[in-house]
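Q: Hey, I've just opened this one and I'm new to it. Can you walk me through it?

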Amino acid sequence: LKDQFDNLDKHTQWGIDFLEKYAKFVKERIEIEQNYAKQLRNLVKKYCPKRSPKDEEPRFTSCIAFFNILNELNDYAGQREVVAEEMGHRVYGELMRYSHDLKTERKMHLQEGRKAQQYLDMCWKQMDNSKKKFERECREAEKAQQSYERLDNDTNATKADVEKAKQQLNLRTHMADENKNEYAAQLQNFNGEQHKHYYIVIPQIYKQLQEMDERRTIKLSECYKGFADSERKVIPIISKCLEGMILAAKSVDEHRDSQLVIDCFKSGFEPPGDFPFEDYSQNIYRTISDGTISTPKQEGMRIDTKTTVGKAKGKLWLFGKKPKPQSPPLTPTSLYTSSTPNGSQYPIFSIEPVHYCMSDIKTGKPRIPSFRSLKRGLVSWDFCLQGPALEDFSHLPPEQRRKKLQQRIDELNRELQKETDQKDALIKMKDVYEKNPQMGDPSSLQPKLTETMSNMDRLRMEIHKNEAWLSEVEGKVAARSDRRHSSDINHLVTQGRESPEGSYTDDANQEVRGPPQQHAHPNEFDDEFEDDDPLPAIGHCKAIYPFDGHNEGTLAMKEGEILYIIEEDKGDGWTRARRHNGEEGYVPTSYIDVTLEKNSKGA
């Protein structure tokens, strides 16, 4: 095996790989044992009796036996944990430590062998170089001798040329002799080192590798034995657990359980005696005209109409309690919308408010505030049923659109910051991997880095697009603001003027996005409004934006038009207003600049 150094290197590496493979097998077996013990404990915990201190102990032998079996099974699970712990400490841990020592020892022996081989190669190179140099000098000496002989035989050659050739011949001959001696010394040295390498150094290294491999084999044998011993040590305790289960099964006594049931439900009363015979034929010839027997039954079966109606009314009342006459009227808007967890509202499709209000009309009970609220509720419902919002929020008023765009830009900026932080982290991790390849492959991070860069580009495009829309909206708002402040409305302005920004609401469902529509008999509602006296004006407003007001119940207005306020916004985004000619209707609150006046006496 003196020339099989590479094959022995591969064999020792295979031995270490096999040792680690067995260690991996033991590790997986330990995990199986741990999971098995865990599942057994969970099973026992699941089926163990959960009793409060007041509950009685199980008295039936079958129940007691089952609980004893559960206890034995819990002990059995503990023994499986002992097996896993023993394997981990005695087998797996020992294998991992020995594998580390084995790698270190193998590396040292192989390095010694490679050094010896490198030293022998170096000696061979020196010998080979001296040999080549000796060969070259010999050829040069032969050429010098041939040149001298030619000049010596040449009658035309001068004496100086002959002497020069002779000197050159002597010099070359001397150098050839020196290289010959050097070659002989190097050859002798190489032969000695080669003999030492193949008969002393390499056999010693091979012997050390052989001993190492034999120790590895012995260690595997010991681990095999320890693996089996870990299982064999717990067999007596496991046998006791199984014997306990068998004893629990044998302790079941069906007669005792039956006697417990009898003792538990036994009442102690005597069985009932025989029933006597009762003769009812004596009443057969009684006069039929006597109606005192059936009359009370008929009276008892009469239905108290007032009581039933009162109960029915109590059940049909929308809020569960019948209101007093002085209580405020019903507001059907609360029945038309419902709140979601984020505060928005959505419609509930029910006709109960309309049915209730129509029944009030039939009974002649005027509830004008309820009609106003109902009308407002129908308008809100109509806007909840509109189509999906546009991407650039162009369906909203300019100020609301500006707010929505600003919110979206802020969210996109936050997402962009997250992606930027993730990109920086990936770049740092890639630099660490490039400096320390054992920690990971730098190329594995490139797909994630490319995806992050793509997300950043997409977010930048979205931000740029929304910023363009925002600039467009801010330009329009600024132009309208300049026109609004330049108009002369000093004869209508009071000290109680409020900022127009206060007319906007944060709730997206309360922001009016289009003209209202009325679904349920608008003429009946309008008749109620037309029969009333004009409501007093509580303030005035100026139209910031034009509103067409095509639908029933709304009031069209032009930009800059002045209107009287006769009813404030109730939270649904609509304000009731009146023109100078007496025309009334609802206008969007976000389209007007409201100024409320104190102590108003009407229009």
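What follows is a chat about the fold, the charged pairs and the aromatic rings.

Q: What kind of model is this?
A: It's a predicted model.

Q: OK, how many helices and strands does the chain have?
A: There are 13 helices and seven strands.

Q: And what share of the residues is buried?
A: Of the 603 residues in the chain, 32% are buried.

Q: What about contacts between residues 24 or more positions apart? How much do they account for?
A: They make up 74% of the contacts in the chain with a separation of 6 or more.

Q: Switching to charges: how many salt bridges turn up in the whole structure?
A: The search finds 26 salt bridges. In general, side chains of opposite charge can pair when their charged atoms come close.

Q: Give me one. Which residue does R29 meet in a salt bridge?
A: R29 pairs with E33, at 2.9 Å from N to O. The two both sit in helix α1, four residues apart, which is about one turn of the helix. E33 is buried, with a relative accessible area of 5%.

Q: Which residues are linked with R29 and E33 in a network?
A: R80 and E231; together the four are linked in a network of salt bridges.

Q: What does R216 pair with?
A: R216 forms a salt bridge with D213, and their closest N and O atoms are 3.0 Å apart. They are three residues apart in helix α3, so about one helical turn separates them.

Q: Are R216 and D213 buried or exposed?
A: R216 is buried at 6% relative accessibility, and D213 is buried too, with a relative accessible area of 16%.

Q: And D229, what's its partner?
A: D229 has a salt bridge with R232, where the closest N and O atoms are 2.6 Å apart. Here D229 counts as buried at 10% relative accessibility, whereas R232 is exposed at 55%.

Q: What about D257, where is it?
A: D257 sits in helix α5, which covers residues 254-265. D257 is buried yet has no salt bridge.

Q: Why no salt bridge for D257?
A: The nearest side chain of opposite charge, R256, is 5.9 Å away, and a salt bridge needs the nitrogen and oxygen within 4 Å.

Q: So what does D257 touch?
A: Leaving out residues up to four places away in sequence, D257 touches F60, T61 and S62.

Q: Let's do rings. How many aromatic pairs are there?
A: Eleven, from a search of the whole structure. One of them is F25 with F227, a tilted pair at 5.9 Å centre to centre and 40 degrees between the planes. That pair links distant parts of the chain, with F25 in helix α1 (residues 5-47) and F227 in helix α3 (residues 159-233), 202 residues apart.

Q: How exposed is F25?
A: F25 is partly exposed, with a relative accessible area of 43%, while F227 counts as buried at 15%.

Q: What about Y545 and Y591, how do they pair?
A: Y545 and Y591 are edge-to-face, 5.7 Å centre to centre with 80 degrees between the planes. Y545 lies in the loop between β3 and β4 and Y591 in the loop between β6 and β7, so the pair ties together parts 46 residues apart in sequence. Both Y545 and Y591 are buried.

Q: Last one: how many disulfides?
A: The count comes to zero.

Note on methods
Residues numbered from 1 in each chain as written. Predicted model: local features only at pLDDT ≥ 70, side-chain atom pairs only at ≥ 80, totals over all residues. Heavy atoms only, no water. Buried < 20%, exposed > 50% of the residue type's maximum accessible area, 1.4 Å probe, protein only. Lys, Arg positive; Asp, Glu negative; His and termini not counted. Contact = heavy atoms within 4.5 Å. Phe/Tyr/Trp six-rings, centres within 6.5 Å; stacked < 30°, edge-to-face > 60°. Disulfide = S-S within 2.5 Å.
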